[in-house]
Amino acid sequence: MGQLENKFAQAATGTKNEEKEELAVEKKSAENVEANISHEQVEAFAKESEDDITKVGENAASEGKHEFENAVQAGTKLELKKEEIDQIASEMNVGENLQTKQEEIDALTRETKEKISKVAEMQPESAQEVRVSENIEVGAESTQEKTQESPEVHPKYSEEEARKNWKTLSMEEKMAYCSPEIVAQEMSADLNLKNNPEAKQFKGESFSENSEIINDNVRNLVEAYIGEAKISPEYGEKIRKSTEDYVNLISQAQKEGSLAENLKASDIQKISEDIVNKMVYQNRESFKRGLGDHGVRHIIDGNIAEAMKMVDEFNKANPEKQLNSLDRLKIMTIHFNHDMGYTVGVNRKGFESTGDHKYFSQKLFESQEEMYGKLFGKKDLEQIGETIKTHDEAQTDFEKQPFESIVRLSDNMGLFHDSKLPEIFYSVPENMAVLQKIDLARKAGQSIDGLKNELKNNVMKQEGLDEDTRKALLNAAEEINKMAPDFNLGMLAGKLDGYEMQGSKMVVNIRESDMHKQIQELFELNQKQFVKALDSYGIKLDKMGTSFDQYVKTDENGTKYVELPVSEGKPALRFNFLPENLNEQDNRNAEVKKKFAETATEWAGMNIRAEVNSAMKELKELKETRTSENIDNISFELQAQLDDSKLSTKDREQISGLMDGLKNSLNNEEEFIKKIDQFGKFLTEREKEFLAVN
Amino acid sequence: MIFMTKNNNQKIAEIKAIHNEYVKEINKLREEQNKIVAEFIKKLEEKKMDKIRSLIKGI
């Protein structure tokens with residue numbers, strides 16, 4: 001998880017002088033080209049180039065953020081109120097547009113670095129394994145050196161100040177904000193149980209004769225958390241089941257011979273507890289933030305479930321190089337740990353530092369090497385740490401890196417995880433009607449705060465929800481914003497519908513359901529989520545000046561698809577965009593459809609949007625019609641065509657007042673336009689009540 | 001060995017080209033970013049002018 005949240009989150013220092021940057025490249029290359037160059041020198045040159053690119057990219061991203069902050073400050077100096085500045089920013093979509101640019105900068109930087117790495121590598125393919133082991137050895141040494149020789153770096157600022165200055169900090173300075181000891185202490189304090197469950201005693205030392213006891217102890221621990229309301233029964237059960245799967249995989253890996261036979265029960269017990277604790281803690285922390293879900297739903301329901309399906313498909317197609325139980329264990333370990341960086345103090349507020357959560361997650365995991373080293377070998381530990389760090393990258397290659405590719409693809413597919421949230425919204429037609437009203441209010445240029453409160457009240461009143469889901473729904477309701485309700489609802493665009501491996505290419509099926517289709521139509525989502533999915537793989541449709549429908553291809557069976565070329569023109573991924581399955585129609589659809597129709601009919605029977613817009617059109621477009629007499633005529637005609645069922649006496653008084661305002665500003669065009677806009681937003685009492693506008 | 005050296009020289013040249021292309025593209029994105037902010041500032045200034053005009057009218 002992370003790409004969406006990485007806006008403005010890249011750190012930056014470095015030169016602003018682009019010419020200097022180009023000259024530096026020229027100089028370095030000239031020095032190297034003249035001499036006989038070894039592979040090591042190429043690698044060093046590539047590394048330098050990549051470092052430069054990182055700096056330039058970070059600098060560019062930071063510039064946008066700073067310029068925006070300066071502009072807001074300038075607005076304040078112009079004595080504009082915060083709400084006025086926010087309103088203008090919101091109307092112009094400044095935040096969203098800048099975010100898109102920053103994502104483009106990030107993607108360009110990432111892709112360029114990948115290109116350079118590829119050029120520098122050019123190793124014989126069979127050397128892949130050797131390289132991995134070499135890297136690990138180097139990594140292991142440098143870690144040792146770090147702990148022995150590097151002086152400890154202390155945080156430069158308070159967390160609040162650090163967030164403000166995040167982009168000016170070096171990676172070393174940033175990492176000083178991630179203290180594994182503090183995270184462990186905070187986690188322990190948060191999960192502190194009044195009644196600790198008593199652990200069942202092991203029969204002997206070995207894991208193999210005690211795996212059932214470990215599962216029982218895990219169950220007791222989870223039940224204790226449920227008992228003291230640290231986690232809901234539903235989510236607790238998911239954590240227990242997932243941990244049990246993990247323990248069973250260890251047994252399976254032992255049978256396969258990929259894990260040692262002499263594992264100790266007490267070591268595996270500790271690891272199992274660590275997983276339970278981290279999952280409960282991450283779930284609790286996730287609800288405190290509006291950043292999206294990093295808890296059970298994301299990690300267990302989403303990433304792990306999808307990753308395991310991908311492993312199955314990969315293994316079916318590659319019987320000669322199957323991923324084994326040890327690989328599955330490592331994938332689970334990565335997913336349990338990959339978002340732990342969000343729980344680090346500095347990431348609890350704001351979004352400046354959250355983009356670096358993956359580095360924190362890696363550091364936190366590596367601080368537990370001793371514990372996890374009792375289960376995994378050194379190379380495996382290194383691979384887990386590295387993949388935690390790169391979990392949100394787009395690079396996919398099922399031939400050479402199936403393991404990493406599965407971790408990344410399952411995390412990137414978060415956009416399509418078949419989320420329960422829309423399901424729950426969908427189960428209650430009243431909620432869908434509120435969402436529909438939010439869309440109507442947005443189109444009428446009105447505040448949606450009242451409707452958001454209505455939605456939250458519905459969620460509060462809804463029976464049969466566990467507390468975690470209720471909190472998640474409240475968060476979701478809160479995150480719906482006026483300019484883009486579809487941002488939050490984007491997840492409704494489609495759902496994952498299985499994978500299939502074709503050679504070295506993974507086919508990902510994304511299916512539209514009738515529910516998705518209805519919501520897409522209502523909110524005019526227009527394949528937004530599919531577009532977003534392509535975006536995370538570096539396909540920028542807006543930049544390419546093309547639409548989703550133009551970009552996708554159609555195969556001989558009429559299936560719409562996109563293939564992503566990863567290297568040497570060979571695609572590693574194919575996304576099939578499948579239409580709804582008519583045999584699997586949702587029974588609730590008819591009811592929701594009916595509710596949509598009722599709401600639309602009710603709105604049609606009361607709203608005066610068309611009349612107001614038509615009345616204003618002439619005054620807005622034709623200056624010569626702006627006379628006192630014409631305004632009176634328009635007012636008269638408008639009120640005459642609307643009967644008392646639509647306009648109350650108070651409404652009529654207000655319309656007259658607004659018309660007077662128009663007449664009074666006839667000599668001031670800007671003021672006149674403002675009054676017209678004001679009139680365009682006028683709501684009758686009935687409309688206000690319907691859209692919950694004060 | 002001679003072949004390897006030549007190959008490595010080519011790699012350096014290729015990396016250089018990729019790097020320069022990157023600088024070019026990133027500058028375009030910088031400009032686009034600056035444009036977004038510049039338009040935002042312009043709107044803020046317009047809003048301020050509106051307020052001043054309203055005040056003058058009030059007097």
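At what angle do the axes of helix H29 (residues 628–641) of chain A and helix H30 (residues 649–664) of chain A cross? This is a predicted model, and in it the two axes come within 10 Å and cross at roughly 160 degrees. Angles over 145 degrees count as roughly antiparallel, so H29(A) is roughly antiparallel to H30(A). The crossing of this pair is right-handed. On the H29(A) side, the contact is made by A:Ser628, A:Ile631, A:Ser635, A:Leu638 and A:Gln639. H30(A) brings A:Arg652, A:Ile655, A:Ser656, A:Met659, A:Leu662 and A:Lys663 to meet them. Sorted by class, the residues of this contact are 5 nonpolar, 4 polar and 2 charged.

Let us move to another pair of helices in chain A. Here the partners are helix H13 (residues 325–337) and helix H16 (residues 378–389), whose axes come within 9 Å and cross at roughly 40 degrees. An angle under 35 degrees would count as roughly parallel, and with the crossing at roughly 40 degrees H13(A) and H16(A) are therefore oblique to each other. H13(A) passes H16(A) in a right-handed crossing.

The axes of H10(A) and helix H12 (residues 296–317) of chain A come within 10 Å, with a crossing angle of roughly 45 degrees. H10(A) and H12(A) are therefore oblique to each other, and H10(A) passes H12(A) in a left-handed crossing. In H10(A), the residues that take part are A:Tyr235, A:Lys238, A:Ile239 and A:Ser242. They meet A:Val296, A:Ile300 and A:Ile304 in H12(A). By class, that contact has 5 nonpolar, 1 polar and 1 charged residues.

What is the phi of A:Ala229? The angle is positive, at about 55 degrees, although A:Ala229 is not a glycine. Because A:Ala229 has 8 C-beta neighbours inside 10 Å, this residue counts as exposed.

A:Ala692 sits in the segment after helix H32 (685–690) of chain A. Phi of A:Ala692 is near 50 degrees, again a positive value in a residue other than glycine. Is A:Ala692 buried or exposed? A residue is buried if 20 or more other C-beta atoms lie within 10 Å of its own, so A:Ala692, with 20 such neighbours, counts as buried.

Next come two residues that have partners elsewhere along the chain. A:Lys452 belongs to helix H20 (residues 449–461) of chain A. Because A:Lys452 has 21 C-beta neighbours inside 10 Å, this lysine counts as buried. Although A:Lys452 and A:Ala477 are 25 residues apart in sequence, their C-alpha atoms are 6.2 Å apart in space.

The other residue is A:Asp497, which lies in strand E1 (residues 495–502) of chain A. There are 17 other C-beta atoms within 10 Å of A:Asp497, so this residue is partly exposed. Leaving aside residues up to four places away in sequence, A:Asp497 touches A:Asn509, A:Ile510, A:Arg511 and A:Leu578. The C-alpha atom of A:Asp497 is also separated by 9.6 Å from that of A:Asn576, 79 residues away along the chain.

Finally, turn to chain B. This chain has 59 residues, and buried residues make up 27% of them. Its secondary structure consists of 1 helix and 0 strands. How many residues of chain B are in contact with chain A? The count is 36, and they meet 49 residues of chain A. On the side of chain B that touches chain A, the residues divide into 13 nonpolar, 9 polar and 14 charged.

Methods:
Residues are numbered from 1 along each chain as its sequence is written. Chains are lettered from A and ligands numbered from 1 in the order in which they are written. This is a predicted model: local features need pLDDT of at least 70, side-chain atom pairs count only at pLDDT 80 or more; totals for chains, interfaces and linings use all residues. A residue is buried if 20 or more other C-beta atoms lie within 10 Å of its own, exposed if 12 or fewer, and partly exposed in between; C-beta atoms are placed from the backbone. Helices (H or I, at least four residues) and strands (E, at least two) are DSSP runs, numbered from the N terminus. Axes are lines fitted to C-alpha atoms, for helices over the stretch in contact, and angles run from 0 to 180 degrees between N-to-C directions. Angles under 35 degrees count as roughly parallel, over 145 as roughly antiparallel, 65 to 115 as roughly perpendicular and the rest as oblique. A crossing is left-handed if the near helix is turned anticlockwise from the far one by less than a right angle, and right-handed if clockwise. Two residues are in contact if their C-beta atoms, placed from the backbone, lie within 7 Å. Ala, Val, Leu, Ile, Met, Phe, Trp, Tyr, Cys and Pro count as nonpolar, Asp, Glu, Lys and Arg as charged, and the others, Gly among them, as polar.
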